[in-house]
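Visitor: Please take a close look at the ligand site in this model and describe it in one connected account.

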Amino acid sequence: MKRALLIVDVQNDFCPGGALAVKDGDKVVPVINGIMDRFDLVISSQDWHPADSVHFEKWPPHCISGTAGADYHPELDKEKIVLRLLKGTENKDDGYSAFEATNASLTGFLQEHKIQNLYVCGLTTDYCVKASVMDALDEGFHTYLITDAVAAVNIQPGDDKKALQEMYAGGSVLVESKEIQ
Ligand code: VGL
Ligand code: ZN
């Protein structure tokens, strides 16, 4: 069975020094770079907000389209990324899930490429990674969450563990990067 890697929001604003930095956000980068070769194809998503989004009533402004904060982390290996999904692009749109991208259909793309297994990693465990995993399950994909290739916002301590539990209860498989052969 063919498998794809979905890299969620590995962007400067979610990494140390960024506008919505999460602890150890940058630590996912070498892990992700190290596993890309094990997949039939690699897809990324980016949070890509307009400057005046309702999203910023809940969050400090971050990942504004076209800014340096919205760029991928500079060390992320971009060569293998064949589809770049942009989400949260409208003023009234949180766009947490990569399946809500407005420039392409992730479901359509995966179906076209006969991908049944989707492995998800990136930022952030408790928002965009979780939303993407839950949508992938709803769309009928065999869905895997790579536990050592994610980092969380953790507004409340333990939000990361709760998110992992929700993804597991929803039917996703929790794997470590070293288990992916
Ligand atoms: C995200 C909070 C706000 C994420 C995006 O990428 O997980 N979190 N916008
Ligand atoms: Zn956002």
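Guide: A cavity is a set of points, on a 1 Å grid over the protein atoms alone, where a 1.4 Å probe fits but cannot get out; a molecule sits in it if more than half of its atoms lie within 2 Å of its grid points. The space taken by ligand 1 is the largest cavity. This is a predicted model, in which local features need pLDDT of at least 70 and side-chain atom pairs count only at pLDDT 80 or more, while totals for chains, interfaces and linings use all residues. Residues are numbered from 1 along each chain as its sequence is written, chains are lettered from A and ligands numbered from 1 in the order written, and side-chain values use heavy atoms, without hydrogens or water.

Around ligand 1 (a heavy atom within 4 Å) are Asp9, Phe14, Leu20, Asp47, His55, Trp59, His62, Tyr96, Leu123, Thr124, Tyr127 and Cys128. The side chain of Asp47 places an N or O atom 3.1 Å from a nitrogen of ligand 1, and a polar side-chain atom of His55 is 3.1 Å from a nitrogen of the ligand. On the side chain of Thr124, an N or O atom lies 2.6 Å from an oxygen atom of ligand 1. Of the 260 Å² of accessible area (Shrake-Rupley method, 1.4 Å probe) that ligand 1 has on its own, the protein covers 100%.

Thr124 also marks a feature of the backbone: a cis peptide bond, with omega about 0°, joins Leu123 to Thr124. Thr124 belongs to the loop between strand E4 (115-123) and helix H3 (125-138), where helices (at least four residues) and strands (at least two) are DSSP runs.

The zinc ion (ligand 2) has as its donors (N, O or S within 2.8 Å) Asp47 through OD, and His49, His55 and His62 through NE2, at 2.1 to 2.2 Å. Along the sequence, these donor residues follow the spacing D-x1-H-x5-H-x6-H. His49 and His62 both lie in the loop between strand E2 (41-47) and strand E3 (81-87), so this pair ties together parts that are 13 residues apart in sequence.

Notes:
Donors = N, O, S within 2.8 Å, 3.2 Å for Na, K, Ca; no water. Polar contact = N/O pair within 3.5 Å; in protein donor to acceptor, adjacent residues only side chain to side chain. 1 Å grid on protein atoms, 1.4 Å probe; cavity = no way out; pocket = protein on both sides within 12 Å on 5 of 7 lines; lining within 4 Å.
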